Amino acid sequence: MSPTSSDPAADPPESAAAPESARRVAVASFIGNTVELYDFFLYGMAAALVLDDVFFPNLSPLNATLASFSTYAVAFVARPIGSIVFGHFGDRVGRKSVLVASLLLMGLSTALVGLLPGYTTLGVWAPLLLVVLRFLQGIGIGGEWGGAVLLAVEHAPRGRRGLYAAFPQLGPPVGFSAATVAFWLVSASLDEAAFTSWGWRIPFLLSFVLVAVGLVVRLKIAETPVFARSVAEREASRAPTMELLRCHRRELLLGAGAMAVVYALFYTSMTYSLSYATTVLDVPRTTMLGVSLVACVFLAAGIWLAATRSDTAGRRRPALLGCALAVAWGALLFPLLDTGRPVLMALALGGATFCLGVASGPMGAYLPELFPARVRYSGASLAYNLGGVLGGAVSPLVVPRLQPAFGSSAVGWYVSAMAVLSLLCVRALPETRERTLD
């Protein structure tokens, strides 16, 4: 890949797509990613609020919580597998068709969780089937992010890739907000017994409708010009993952390390904190769901500011800033949360998610720019989701044990340590803003 001119914003579009078409694709990638992330985050909220009672009632409260969060972690282990599978076909068949398949897999797996009987009905089969469905969720989401950002980035005019990649990057806060609102409405409308018995299933069953909407949107978008050109010039890789591991290991591993703090922060602030506040601090569930909604606003603001700024400042600078802020905020997160005061709790989670947004905002353009077109889907997806294993699969296994053993401050220091790791990885990566995508 070669650098562009010193003023990339003045250059002609990198793709053949008209600006109106590029904007339409950016919006479509945002809608599809939002639907899939709604599905994915529903499970995290259910794990924090109710799955321990429904699927692990025979365990002690601590072990039931650990078991519930362990099933949450299963998807992060599955995500790299989804990246390899969907990345292979995304680099050989095309971005669009693979994204349709990932949406179907994700949506149906989520909806089936809402139909799955609990432990009192199926016994041990209930948690086993729950793990299977969560694993399938992970496979589906493993192919989602890379394809969604490539749709936006490979259609974007040169010099505006950060801006266009911001749209799919907004999928997590909007999807999480939608999941939070769904649970808040159900929780506020039902008593505790009804919510635990059947009410928590309603947000999962809504996935049937949302997947239909996402499919309509995705089936209307065109394949990216960059991939079409790669196919026309017979440059598609025969074995994208093998080529990636052989020729681009450094970028892959550093990209994964750069993403670790994003997942660690998200799990800690948006999933574990919900469980911690409602069980340890005795904060009402509806209050914490409201605090989570406020945090989503900070997350979206951080993503938008960092992603759009990366078109002029470069990708590394905002990513480094987000990691540095996270190092400091890790020490403040739980002291603020432990006050039990909604305003300070909102500040705690809002500050954490703002750091998360600043660190992750540039990644929608940064990770794809690290890899050539022939392995870009596989490279961007696998880097993103290997970071999920480190930050998203390990955290649910470590954090619930840290707090009872060493106090809540230990969780904050864990977040800071993950932020230092990501900061070092970003420092080792090159700046890519002026690279072309051919």
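**Close-up 1. Val35, a buried residue in helix 1.** At 7% relative accessibility, Val35 counts as buried (buried means under 20% relative accessible area, exposed over 50%, and partly exposed in between, with a 1.4 Å probe and protein chains only). You'll find Val35 in helix 1, residues 19-49. Helices here are DSSP runs of H or I with at least four residues, strands are runs of E with at least two, and both are numbered from the N terminus. This is a predicted model, where local features need pLDDT of at least 70, side-chain atom pairs count only at pLDDT 80 or more, and totals for chains, interfaces and linings use all residues. Residues are numbered from 1 along each chain as its sequence is written, and side-chain values use heavy atoms, with hydrogens and water left out. Setting aside neighbours within four places in sequence, Val35 is in contact with Leu103, Leu210 and Val211 (contact means heavy atoms within 4.5 Å). Leu190 is 155 residues from Val35 along the chain, and their C-alpha atoms are separated by 25 Å.

Close-up 2. Val50 sits in the loop between helix 1 and helix 2 (51-55). Is Val50 buried or exposed? With 1% relative accessibility, Val50 counts as buried. Leaving out neighbours within four places in sequence, Val50 is in contact with Phe195, Thr196 and Trp200. Val132 lies 82 residues away from Val50 along the chain, with 18 Å between the two C-alpha atoms.

**Close-up 3. Phe183 and the largest nonpolar core.** Which residues touch the most other members of this core? Out of its 105 residues, they are Leu51, Phe55, Phe183, Trp200 and Leu367. A nonpolar core is a set of buried Ala, Val, Leu, Ile, Met, Phe, Trp, Tyr and Cys residues joined through side-chain atoms within 4.5 Å. Not counting residues up to four places away in sequence, Phe183 touches Leu42, Met45, Ala46, Leu49, Phe195, Trp200, Pro203, Phe204 and Leu289.

**Close-up 4. Helix 15 packed against helix 17.** Helix 15 (residues 249-279) and helix 17 (residues 316-337) pack at an angle of about 10°, and their axes are 12 Å apart. That makes helix 15 roughly parallel to helix 17. For the cut-offs, angles under 35 degrees count as roughly parallel, over 145 as roughly antiparallel, 65 to 115 as roughly perpendicular and the rest as oblique. The axes are lines fitted to C-alpha atoms, for helices over the stretch in contact, and the angles run from 0 to 180 degrees between N-to-C directions. On the helix 15 side you'll see Val261, Leu265, Thr268, Tyr272, Ser273 and Tyr276, and they meet Cys323, Ala326, Leu333, Phe334 and Leu337 in helix 17. The residues of this contact divide into 9 nonpolar, 2 polar and no charged. Here Ala, Val, Leu, Ile, Met, Phe, Trp, Tyr, Cys and Pro count as nonpolar, Asp, Glu, Lys and Arg as charged, and the others, Gly among them, as polar.

Close-up 5. How many disulfides turn up in a search of the whole structure? The search finds 0, where a disulfide is a pair of cysteine sulfur atoms within 2.5 Å. For Cys323, the nearest cysteine sulfur belongs to Cys425 and is 8.7 Å away. Cys323 is buried, with a relative accessible area of 1%, whereas Cys247 counts as partly exposed at 46%.

Close-up 6. Asp282 is in the loop between helix 15 and helix 16 (285-313). Asp282 has a positive phi of about 60°, although it isn't a glycine. Its relative accessible area is 62%, so Asp282 is exposed.

**Close-up 7. Ser177 and Pro400, each in a helix.** Ser177 belongs to helix 9 (residues 171-189). Not counting residues up to four places away in sequence, Ser177 touches Leu293 and Cys296. Pro400 is in helix 20 (residues 376-406) and is buried, with a relative accessible area of 4%.
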